[in-house]
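Q: Can you walk me through this one? I'd like to start with a single residue and then look at the packing.

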Amino acid sequence: MTERAAVKAALKTQAVETPSWAYGNSGTRFKVFAQQGVPRDPREKLDDAAKVHEFTGVAPTVALHIPWDTVDDYAALARHAEERGLRLGAINSNTFQDDDYRLGSVCHPDAAVRRKAVDHLLECVDIMDATGSKDLKLWFADGTNYPGQDDIRARQDRLAEALAEVYERLGDDQRMLLEYKLFEPAFYTTDVPDWGTAYAHCLKLGPKAQVVVDTGHHAPGTNIEFIVATLLREGKLGGFDFNSRFYADDDLMVGAADPFQLFRIMYEVVRGGGLSGDVAFMLDQCHNVESKIPAIVRSVMNVQEATAKALLVDREALAAAQREGDVLGANAVLMDAFNTDVRPLLREVREEMGLDPDPMGAYARSGWAEKIVAERVGGRQAGWGA
């Protein structure tokens, strides 16, 4: 197989999970902006996700968020997805919106609140059983705002106890993916603030616990590709939440602020074997001022372009330059790949997959946007908190 053929083959097998909440209404911390045609229930979210997969060919799974995507019959929801060529992906828990969680959830000083939070996480595993989902995604808003507000070490003990109980409930083919975030909403301490804390808990739990890297959850200047390389080396990188940010956790379209960073991350994924392994690639974005489905299509395309460039890195030339201490030569190898226009290559890939080579144009011509605006009238639109 030629190098070009190998790159194309890898791109054809890539999968990017889309999040159900990206199809609903969202906004800033000051305002949620409503759009016409937004889904009114989880099934309509899946209908929109099916269009993203139809035009990109690489978005076959959809992540759910509980309770935002609560339904009476999860097996029926899974069948609805299958009928549209999709599968249900990660189940995302929510332990941050109830009033009881003002001082935390699994780390809360009150045992009754901790019990409520853990019961919700166990409910999410039940939903995984019903939907066939393999991954439980955990992000905790837990933390403190003031020195002395709570015992930092005791909060870690409470977190470890909760995680251990949920871990024991997982099936043999299920995983726990622990996400971290530098700050927000707590400003003094965050209970899972960085990859080291997440890694330490996952290491103690066992092989079914892995770390999730959200590209927006780091301090400015953090070398995310180093984190990715290290977690891959340790076999503890479970997944990505792809987005982009200019200042903090902006949840903008992946690659919007720094496509070079996305390329560097994807090179380490390719280098570490993550592209062909069990790493879950998911978008975690909110589209507030732009149309939702086209923004998700564009985001999938951005991940594809960064991956294609990463696959085109001449690794033999790079290794040779590194062995020889050729600093500029090694850097030039990476820059040559990054500066390659991979759009013609991806058009070929799509044509060989039986897809329109222009996903954005194909969606615009499909009439789906006009259809959902006309048909989704009445009822309550899906959105934050819905």
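A: Arginine 315 lies in helix α10 (residues 315-323); helices are DSSP runs of H or I with at least four residues, strands are E runs of at least two, and both are numbered from the N terminus. This is a predicted model, where local features need pLDDT of at least 70, side-chain atom pairs count only at pLDDT 80 or more, and totals for chains, interfaces and linings use all residues. Residues are numbered from 1 along each chain as its sequence is written, and side-chain values use heavy atoms, with hydrogens and water left out.

Q: What does arginine 315 touch?
A: Leaving out residues up to four places away in sequence, arginine 315 touches Tyr267, Val270 and Arg271. Contact means heavy atoms within 4.5 Å.

Q: Helices next. At what angle do α8 and α9 pack?
A: Helix α8 (residues 259-271) packs against helix α9 (residues 292-311) at about 60°, and their axes are 8 Å apart. That makes α8 oblique to α9. Axes are lines fitted to C-alpha atoms, for helices over the stretch in contact, and angles run from 0 to 180 degrees between N-to-C directions. Under 35 degrees is roughly parallel, over 145 roughly antiparallel, 65 to 115 roughly perpendicular, and the rest oblique.

Q: Which residues of α8 and α9 meet?
A: From α8 there are Leu262, Phe263, Met266, Tyr267 and Val270; they meet Asn302, Val303, Ala306, Thr307, Lys309, Ala310 and Leu311 of α9. By class, the contact of α8 with α9 has nine nonpolar, two polar and one charged residues. Ala, Val, Leu, Ile, Met, Phe, Trp, Tyr, Cys and Pro count as nonpolar, Asp, Glu, Lys and Arg as charged, and the others, Gly among them, as polar.

Q: Now the sheet. What is the strand order?
A: Eight strands form an open sheet, ordered β1-β4-β5-β6-β8-β10-β11-β12, with parallel pairing. The edge strands, β1 (18-19) and β12 (280-283), each pair on one side only. Two strands pair if DSSP finds at least two bridges between them.

Q: How many bridges join β8 and β10?
A: Four bridges, in the parallel sense, between β8 (residues 175-179) and β10 (residues 209-214). Leucine 177 stands opposite glutamine 210 in β10.

Q: Which helix lies across β8 and β10?
A: Helix α6 (residues 195-205), which runs at about 160° to β10.
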